[in-house]
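Visitor: Can you walk me through this one? I'd like to start with the aromatic rings.

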Amino acid sequence: MLRFLRPLLLVLLTGLLLAPGAASAHDQLVGTDPEDGAVLAQAPGSLTFTFSGEVAVIGAQVAVTGGPGGDYLVGEPVVDGQDVVQEVAGMEEGTYQVAWRVTSSDGHPISGTLGFTVGEGADQGAAQEQGTAQEQDATDDAAQDEEAGSPVAQGVDTGLPGWVWVVLGLAVVGLGAILVHTWTRNRRG
């Protein structure tokens, strides 16, 4: 029986040692244009969000409120590696709040807000009070995942890549087959 188990254990240990590690942290927002709390002389033509890693193309969302009101977004956000760009138009003098949400490279949604002011006469304090929610705690991520209906909200996310589970499943099946074979051979003999 040991002659069957040794190669199986050797393959499993080699696979686990050579496996790339699971991502341990969500990507983070590292910069925006305009910056949070900025006072701009003229309205921007686009909003740019730069992240610590490449975000997923699917699921990027941006919402802009404030100013005189209206729809400021032009098209959908464009994801280009670590950058997400949202074209905007129609902004006048006033204070604006921007809410963003993207899917991190590890598959988890991350989100936050920022504020800025267009024009010198606008209320600068309101933009700065909005603050930036660049880092989300686990409770926020869980609430977002639940809203999105993702497997994470259903308790499926274990932090291990799927292939590790496949290897472990095959190891259990292989070990079971060896045990059944040994047991049936011993009963006959």
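**Aromatic rings and fold**

Guide: Phe-49, Phe-51 and Trp-100 are linked into a cluster by ring pairs. Rings of Phe, Tyr and Trp (its six-membered ring) pair if their centres lie within 6.5 Å; planes under 30 degrees apart count as stacked, over 60 as edge-to-face and the rest as tilted. This is a predicted model, where local features need pLDDT of at least 70, side-chain atom pairs count only at pLDDT 80 or more, and totals for chains, interfaces and linings use all residues. Residues are numbered from 1 along each chain as its sequence is written, and side-chain values use heavy atoms, with hydrogens and water left out.

Visitor: How many aromatic pairs in the whole structure?

Guide: The search finds four. One of them joins Phe-49 and Trp-100. Their ring centres are 6.4 Å apart and the planes sit at 45°, so this pair is tilted.

Visitor: Which strands hold Phe-49 and Trp-100?

Guide: Phe-49 is in strand β3 (residues 46–51) and Trp-100 in strand β7 (residues 94–103). The pair therefore ties together parts 51 residues apart in sequence. Helices (H or I, at least four residues) and strands (E, at least two) are DSSP runs, numbered from the N terminus.

Visitor: Phe-49 and Trp-100, buried or exposed?

Guide: Phe-49 is buried, at 2% relative accessible area. Trp-100 is buried too, at 3%. Buried means under 20% relative accessible area, exposed over 50%, partly exposed in between (1.4 Å probe, protein chains only).

Visitor: What about Tyr-96 and Phe-116?

Guide: They form a stacked aromatic pair, 5.7 Å centre to centre with 25° between the planes. Tyr-96 lies in strand β7 and Phe-116 in strand β8 (residues 109–118), so the pair ties together parts 20 residues apart in sequence. Tyr-96 is buried at 0% relative accessibility. Phe-116 is buried as well, with a relative accessible area of 0%.

Visitor: Switching topic. What pattern does the protein follow along the sequence?

Guide: It reads α-β-β-β-β-β-β-β-β-α-α-α. That is four helices and eight strands. Buried residues make up 31% of the 189 residues.

Visitor: And the contacts?

Guide: Among contacts with a separation of 6 or more, 62% come from residues 24 or more positions apart. Contact means heavy atoms within 4.5 Å.

Visitor: Last one. Which peptide bond is cis, with omega near 5°?

Guide: The one from Asp-33 to Pro-34. Pro-34 lies in the loop between β1 (29–33) and β2 (39–40). In general, most peptide bonds are trans.
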